[in-house]
Amino acid sequence: MIETKDLILDKAKIEDLDDIYNNYWKYEETAKYMLWVPCKNLEEAKERLKQIIEYQKTNLSFFVYEKETKRAIGMAGMSEIMPNVYEDSGIGIGVTSVGKGYGKQILKAFIDYLFNEQNAQKIICSCHTDNIASAKMQQSCGLKYTHSEMLTRKKDNLTYKSDYYEITREDYFKNK
């Protein structure tokens, strides 16, 4: 579990089905810049939730809960892609919860946790080039632009440009 001022990042539970479906998985707008497709119904969401629960058992992946309401409103994760090098596997918040600074709280919490608890040497994040809010959030957390890549999204074969940002352990502690 990871905690921020307004959020708790914790492992998913089967009881989260209604919240995660109604606050996150059913919206095309939420999935716009993500690699997943929206769930068409609650039954589809239930199958996805079962897969997520299994995945989260062995990965640094969490549901995002609002402290005040205890509702599941999104997902966030990091993957160790090389020893002590982590890359975001997505930070997503439902449409009714965007614009509240939650993405920044999540990324800052991951950065602090990975550098202070996991001895990370570098953290890499990426976003679609046209996802301006995500790029600004990453930069506000101390990540610096490194490069762009053309990618093809599997869910719909969309070709898009992704911008990459990173922060090193040295820069994190120098600017702390």
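## Starting from the core

Let's begin in the middle: the largest nonpolar core has 30 residues, and Leu-9 and Phe-110 have the most contacts inside it. A nonpolar core here is a set of buried Ala, Val, Leu, Ile, Met, Phe, Trp, Tyr and Cys residues joined through side-chain atoms within 4.5 Å. Buried means under 20% relative accessible area, exposed means over 50%, and partly exposed is in between (1.4 Å probe, protein chains only). At least two residues of this core come from each of β2 (7-10), β3, β4, β5, α4 (102-117), β6 (122-128), α5 (132-140) and β8 (159-168). The top contributor is α4, with eight residues.

A word on what you're looking at: this is a predicted model, where local features need pLDDT of at least 70 and side-chain atom pairs count only at pLDDT 80 or more, while totals for chains, interfaces and linings use all residues. Residues are numbered from 1 along each chain as its sequence is written, and side-chain values use heavy atoms, with hydrogens and water left out.

Now zoom in on Leu-9. Leaving aside residues up to four places away in sequence, Leu-9 touches Met-1, Ile-2, Phe-62, Phe-63, Val-64, Ala-76, Ile-106 and Phe-110 (a contact is heavy atoms within 4.5 Å). There's also a second, separate core of 17 residues, with Ala-45, Tyr-65, Ala-72 and Met-75 among them.

Stepping back, the protein has six helices and eight strands, and from the N terminus on they run β-β-α-α-α-β-β-β-α-β-α-β-β-α. Helices (H or I, at least four residues) and strands (E, at least two) are DSSP runs, numbered from the N terminus. The radius of gyration is 16 Å, close to the 16 Å that the globule rule gives for 176 residues, so the protein is as compact as a globular protein of that length. That radius is taken over C-alpha atoms, and the rule is 2.2 Å times the number of residues to the power 0.38. Of the 176 residues, 43% count as buried. Among contacts between residues at least 6 apart in sequence, 62% join residues at least 24 apart.

Finally, have a look at two loops. Lys-70, in the loop between β3 (60-66) and β4 (72-82), has a positive phi of about 70° although it is not a glycine. Lys-70 is exposed, with a relative accessible area of 59%. Asn-84 sits in the loop between β4 and β5 (85-93); Asn-84 isn't a glycine either, yet has a positive phi of about 65°. Asn-84 is partly exposed, at 25% relative accessible area.
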